[in-house]
2 protein chains.
Amino acid sequence: MAETARRSENRYGNRPTMKDVAARAGVGLKTVSRVVNGEPGVTPDTERRVQEAIDALGFRRNDSARVLRKGRTASIGLVLEDLADPFYGPLSRAVEEVARAHGALLINGSSAEDPDREQELVLALCARRVDGLVIIPAGDDHRYLEPEIKAGVATVFVDRPAGQIDADVVLSDSFGGARDGVAHLIAHGHRRIGFIGDMPRIHTAAERLRGYRAAMEDAGIPVEDDWMSLGVTDPQRVRKAAEDMLSGPSPVTAVFAGNNRVTVTVVRVIAERGRPVALVGFDDIELADLLEPGVTVVAQDAATLGRTAAERLFRQLEGTLITPERIELPTRLITRGSGELPPAD
Amino acid sequence: MAETARRSENRYGNRPTMKDVAARAGVGLKTVSRVVNGEPGVTPDTERRVQEAIDALGFRRNDSARVLRKGRTASIGLVLEDLADPFYGPLSRAVEEVARAHGALLINGSSAEDPDREQELVLALCARRVDGLVIIPAGDDHRYLEPEIKAGVATVFVDRPAGQIDADVVLSDSFGGARDGVAHLIAHGHRRIGFIGDMPRIHTAAERLRGYRAAMEDAGIPVEDDWMSLGVTDPQRVRKAAEDMLSGPSPVTAVFAGNNRVTVTVVRVIAERGRPVALVGFDDIELADLLEPGVTVVAQDAATLGRTAAERLFRQLEGTLITPERIELPTRLITRGSGELPPAD
DNA sequence: TAGAGCCTGGACAACGTTGTCAGATGCGGG
DNA sequence: CCCGCATCTGACAACGTTGTCCAGGCTCTA
């Protein structure tokens with residue numbers, strides 16, 4: 001009776017422990033441990049008795065205690081910007097698949113593009129002693145991670161490089177992709193080309209802007225300030241930026257959109273105006289092929305990005321990797337119509 | 001020297017513990033614990049000394065040990081079908097936000113619509129002693145969860161009810177939504193209406209089929225077998241099903257698509273054929289408004305679904321909830337053109 | 001100035017598991 | 001018949017933290 005009372009006061013409801021199983025099976029604690037972990041050295045008869053006790057009590061090993069003893073948690077953390085963004089779904093899923101293949105679980109969190117929140121999340125994950133971290137950084141100073149990395153937390157950055165520290169990073173060729181996309185517009189006769197992108201403090205945004213400038217320079221086209229809109233991200237402001245660009249004193253005849261969200265809004269704005277405007281977007285978007293005209297994009301492969309990063313993470317954990325590396329994945333120009341429209345001058 | 005060697009052999013690299021901090025600060029172990037947890041009863045001077053030692057050593061509390069002692073992990077598990085599906089991104093994000101507001105982290109895993117994998121995942125999460133579980137079930141027998149729930153793991157099912165056990169569930173009104181969507185087509189003059197949906201063993205699929213049948217029956221329209229395609233999910237087979245329906249001996253003039261993936265494929269098929277076909281889809285899809293015609297959908301709010309479930313989970317954890325409940329969220333018909341097309345007879 | 005009461009700090013056990021090591025048992029061979 | 005060896009089993013410490021409890025020093029009052 002007293003025993004029952006004690007048990008029901010347990011913090012885990014009243015979960016049986018190995019000790020309980022051992023008592024019921026009439027064996028020692030360690031024997032239960034051996035059965036649970038499939039270790040050798042237990043007679044079939046003993047094993048059966050233990051197994052029966054386990055089933056009867058509904059015992060489930062407490063991995064928290066196990067972690068404390070073994071030091072590895074078999075879990076990795078993924079910090080990204082926003083799980084609701086269609087770009088991160090496939091990436092996250094790819095990381096999860098790799099983790100699963102290595103018997104690890106995935107803890108993930110969204111930074112909401114806030115450096116403080118990123119740090120808070122990362123440190124919370126470190127306190128949980130995740131074995132490794134895949135980070136899509138929001139901030140640009142990751143020195144706070146140095147003690148963690150030194151302590152053995154495997155770390156891979158994705159989509160954007162780490163700031164102020166030397167770490168593995170897997171990213172898309174934003175510069176090359178943007179340059180090719182803009183060059184594609186130039187090849188179709190455009191000279192007045194607009195660029196709408198995110199804040200240049202975000203690495204990918206800066207690289208894509210650089211790609212835009214490079215393509216323009218290669219073609220000997222001087223870029224006018226009105227053609228560029230940087231740091232706008234919410235639909236309303238993107239909309240305004242696009243409208244301004246398309247109706248200013250020297251309106252652009254084509255737009256290069258710096259990411260999927262911008263692309264969607266620009267498509268809307270163009271659709272509302274009668275005149276066709278050429279458009280190339282960075283990142284593929286669903287149903288892009290069904291619009292009229294189809295949306296030409298510079299596609300990056302989110303799943304491959306995630307998979308590559310996760311695989312590298314586990315190679316770090318195996319200890320086969322020493323020096324941080326920068327892996328750049330190529331982008332792919334998918335022509336669907338909007339990028340091949342001639343200037344509507 | 002020997003000390004250094006011992007430390008560097010630690011499983012966590014060589015992470016300092018509270019003991020190390022205490023030694024360095026020249027105080028007792030418990031005092032460090034007090035400082036780390038902001039507990040009262042430490043003089044400012046002592047606190048400063050401890051804080052310095054913490055910073056100098058780069059100490060970070062080991063939450064695994066903390067969990068073992070306290071019994072609560074401050075983490076919840078989310079098991080869904082596929083994180084890469086655009087429907088689950090916002091749902092997952094919403095759950096994460098609620099978790100964050102309660103100071104908890106989110107571990108999530110994809111079942112890939114495989115009941116065994118779902119169970120494996122759920123039990124792995126239970127072994128980690130997550131405080132609660134949000135589950136989008138793949139299987140239809142969840143008796144394996146009974147001991148866990150009894151042991152105090154809060155559990156909420158989302159999108160589909162639990163099988164064989166009585167548990168909280170938050171879902172969209174699939175039946176009503178589908179019925180309204182089909183009635184909408186009927187109101188626009190259609191009588192030969194096709195239905196393409198997932199396997200009826202999936203609760204939502206069955207409910208939507210039931211809604212379809214109800215609307216047809218309400219209108220006194222007998223349903224022909226050729227008009228229904230059940231259990232197809234991959235694009236190729238959906239495509240074939242749609243084509244058959246549209247070109248059989250008694251071709252349908254309108255299609256009701258049972259979920260977002262089906263809708264996308266059907267939109268493609270319709271776009272490829274010259275003749276317009278009316279379409280209403282379950283689940284909203286991005287850019288649906290920009291297609292020609294816009295795609296009329298029965299929208300459900302994934303974020304609200306996730307938020308509601310997570311809030312209920314935490315109320316369970318607070319102990320204010322006793323009886324499992326079924327919460328049904330309304331759907332919303334969004335007319336954009338495709339559902340208002342007249343029959344093309 | 002002694003005693004009561006408060007505040008700070010530390011020793012110790014406990015959480016549930018695994019690694020180490022030694023004891024018990026059984027079996028075969030000398 | 002006993003010894004040695006192999007096999008199976010269990011006692012115990014340790015992982016890093018937190019809760020309990022007590023000691024010592026201080027202040028305040030009578």
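This is a predicted model: local features need pLDDT of at least 70, side-chain atom pairs count only at pLDDT 80 or more; totals for chains, interfaces and linings use all residues.

Me: How do you know whether A:G339 is buried or exposed?

Reply: The count for A:G339 is 27 other C-beta atoms within 10 Å. Because a residue is buried at 20 or more, A:G339 is buried. A:G339 is found in the segment after β12 (332–334) of chain A.

Me: Which residues is A:G339 in contact with, leaving aside its neighbours within four places in sequence?

Reply: They are A:H184, A:L185, A:A278, A:L279, A:V280 and A:T296. Contact here requires C-beta atoms within 7 Å. For A:G339 and A:L185, which are 154 residues apart along the chain, the C-alpha atoms are separated by 6.2 Å.

Me: What is noted about phi in A:A112 and A:E113?

Reply: A:A112 has a positive phi of about 55° although it is not a glycine. In A:E113, also a residue other than glycine, phi is positive and near 60°. A:A112 lies in the loop between β2 and α7 of chain A, and A:E113 has its place in the loop between β2 and α7 of chain A. A:A112 has 15 C-beta neighbours inside 10 Å and therefore counts as partly exposed. A:E113 has 18 other C-beta atoms within 10 Å, so A:E113 is partly exposed.

Me: Where are cis peptide bonds described, and what is omega there?

Reply: One joins A:E292 and A:P293, with omega about 0°. Another joins B:E292 and B:P293, where omega is about 0°. A:P293 is placed in the loop between β9 (278–282) and β10 (296–299) of chain A, and B:P293 lies in the loop between β9 (278–282) and β10 (296–299) of chain B.

Me: Why is helix α6 of chain B called mostly covered?

Reply: Eleven of the 14 residues of α6(B) are buried. Among them are B:Y88, B:L91, B:R93 and B:V98. The buried residues of α6(B) pack against α6 and β2 of chain A, together with β1 (75–80), β2 (105–110), β3 (132–135) and α13 (302–318) of chain B.

Me: How does the span of helix α6 of chain B compare with the expected value?

Reply: The helix, residues 88–101, reaches 20 Å from its first C-alpha to its last, close to the 20 Å expected at 1.5 Å a residue. Just after α6(B), B:G103 takes a positive phi of about 70°.

Me: Why is the relation between chain A and chain B called that of a two-fold axis?

Reply: Two copies of a chain are related by a rotation about an axis and a shift along it. Here a rotation of 180° with 0.0 Å of shift along its axis superposes chain A on chain B, with an RMSD of 0.1 Å. That is the relation of a two-fold axis. In chain A, the C-alpha nearest the axis belongs to A:I107, 2.1 Å from it.

Me: How do you know that the copies meet through the same surface?

Reply: Of the interface residues of chain A, 98% are also interface residues in chain B, so the copies meet through the same surface. In number, 53 residues of chain A are in contact with 52 residues of chain B. On the side of chain A that touches chain B, 24 residues are nonpolar, 13 polar and 16 charged.

Me: Which residues come nearest to DNA strand C and to DNA strand D?

Reply: Around DNA strand C there are 28 residues, and A:M18, A:A65, B:V27, B:G28 and B:T46 come nearest. DNA strand D is surrounded by 28 residues, the closest being A:V27, A:G28, A:T46, B:M18 and B:A65. The largest share of the surface near DNA strand C, five residues, comes from α5(A); for DNA strand D, the largest share, five residues, comes from α5(B).

Technical notes:
Residues are numbered from 1 along each chain as its sequence is written. Chains are lettered from A and ligands numbered from 1 in the order in which they are written. A residue is near a molecule or strand if its C-beta atom, placed from the backbone, lies within 6 Å of it. Helices (H or I, at least four residues) and strands (E, at least two) are DSSP runs, numbered from the N terminus. Two residues are in contact if their C-beta atoms, placed from the backbone, lie within 7 Å. Ala, Val, Leu, Ile, Met, Phe, Trp, Tyr, Cys and Pro count as nonpolar, Asp, Glu, Lys and Arg as charged, and the others, Gly among them, as polar. Copies are superposed by least squares on the C-alpha atoms of residues with pLDDT of at least 70 in both. The expected span of a helix is 1.5 Å times one less than its number of residues. A residue is buried if 20 or more other C-beta atoms lie within 10 Å of its own, exposed if 12 or fewer, and partly exposed in between; C-beta atoms are placed from the backbone.
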